[in-house]
Amino acid sequence: MKGLIVYATKHGSVAKAAELLLAHLPKTTDVVDLSRDAAPSDLTKYDFVLIGASVYAGKIQKSVIRFLKNYESLLLQQPLGLFVCAGEKNPEKQRQQLEKAFPEKFVQHATATATVGSAFYVEKLNFLEKLIVRIIKGNLTNYENFDEQAIAQFAQTMLGKERK
Ligand SMILES: Cc1cc2nc3c(=O)[nH]c(=O)nc-3n(C[C@H](O)[C@H](O)[C@H](O)COP(=O)(O)O)c2cc1C
């Protein structure tokens, strides 16, 4: 079984979440960071694809949306998982936010979706982001809060689907 994680990140949280996710997946799983690498050209060799992004003002990275559109027909034929890093804590709001951020047909097709936590790395935030974080959190220190349970559950659901 061979899987693929494709993600984009602005400041590194999704890269960290992908790393945590990898610990629950087969060692053969490939990882592509669209913020840095070219999109993979051949998706036919994968048995499942996991797509990750981070939420900024309700939206995810354009590179991820582009990737979904470019590979739409293939992605809609194979087991697909969608995950985001986002600061939202309320499970119902997390679900609504994720479902709004990804195009509907991919949400409908997805085997699993997950909000896997969030992080701020102060040195990477720009001026405006620092201001927003200070307003929301009341301070400006590095922060990491990944949801290990959501990550494990997300991986298990994807692998369970694969084994059937
Ligand atoms: C300016 C700004 C806007 C954000 N907007 C949202 C949002 O709309 N919803 C949410 O749940 N989290 C929001 N967040 C939290 C980020 O999604 C979270 O910090 C995430 O881990 C960042 O991922 P990255 O390191 O991959 O860029 C926001 C963070 C910043 C700094």
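Reply: A residue counts as buried if 20 or more other C-beta atoms lie within 10 Å of its own, as exposed if 12 or fewer do, and as partly exposed in between; the C-beta atoms are placed from the backbone. This is a predicted model: local features need pLDDT of at least 70, side-chain atom pairs count only at pLDDT 80 or more, and totals for chains, interfaces and linings use all residues. Residues are numbered from 1 along each chain as its sequence is written. Helices (H or I, at least four residues) and strands (E, at least two) are DSSP runs, numbered from the N terminus.

Start with the core. The largest nonpolar core has 38 residues. Such a core is a set of buried Ala, Val, Leu, Ile, Met, Phe, Trp, Tyr and Cys residues joined through C-beta atoms within 7 Å. Y7, I51 and V84 touch the most other members. Strand 1, helix 1, strand 3, helix 2, strand 4, helix 4 (91-101), strand 5 and helix 7 (148-163) each supply at least two residues. In soluble globular proteins, nonpolar side chains tend to be buried together.

Take Y7 next. Contact means C-beta atoms, placed from the backbone, within 7 Å. Leaving out residues up to four places away in sequence, Y7 touches V14, A18, D33, L34, I51, G52 and A53. Two of these, V14 and A18, are buried residues of helix 1.

F83 sits in strand 4. F83 is buried, because 29 other C-beta atoms lie within 10 Å. Beyond four places in sequence, F83 is in contact with A17, L50, G52, T113, A114, V116 and F154. F154 is 71 residues away along the chain, yet the two C-alpha atoms are separated by 8.4 Å.

Now strand 5 (residues 112-115). Strand 4 (residues 80-85) runs parallel to strand 5, and four bridges join them; two strands pair if DSSP finds at least two bridges. In this pairing F83 stands opposite A114. Both faces of strand 5 are covered. A112 and A114 are buried on one side, T113 and T115 on the other. In a regular strand the side chains alternate between the two faces of the sheet.

Which residues of helix 1 are buried? They are S13, V14, A17, A18 and L21. These cover an arc of only 135° around the axis, so they sit on the same side of helix 1. The arc is that of the directions from the helix axis to the C-beta atoms. V31, in strand 2 (residues 30-33), touches A18 from this set, along with I5 and L22, again not counting residues up to four places away. V31 is partly exposed, because 18 other C-beta atoms lie within 10 Å. V31 and L4 are 27 residues apart in sequence, but 5.8 Å apart in space, C-alpha to C-alpha.

Helix 2 (residues 62-70) buries V64, F67 and L68. Their arc is within 100° seen down the axis, so they line one face of the helix. The cover over them includes strand 1 (3-7), strand 3 (48-54), helix 3 (72-75) and helix 5 (104-109). The face turned away carries the exposed K62, K69 and N70.

The loop between strand 3 and helix 2 holds A57. A57 is exposed, because its C-beta neighbours inside 10 Å number 5. A57 also has a positive phi of about 45°, although it is not a glycine. Most residues other than glycine have a negative phi.

Helix 6 is hardly covered: among its 11 residues, the count of buried ones is zero. Just after helix 6, G138 takes a positive phi of about 80°.

Definitions and conventions. Contact = placed C-beta atoms within 7 Å.
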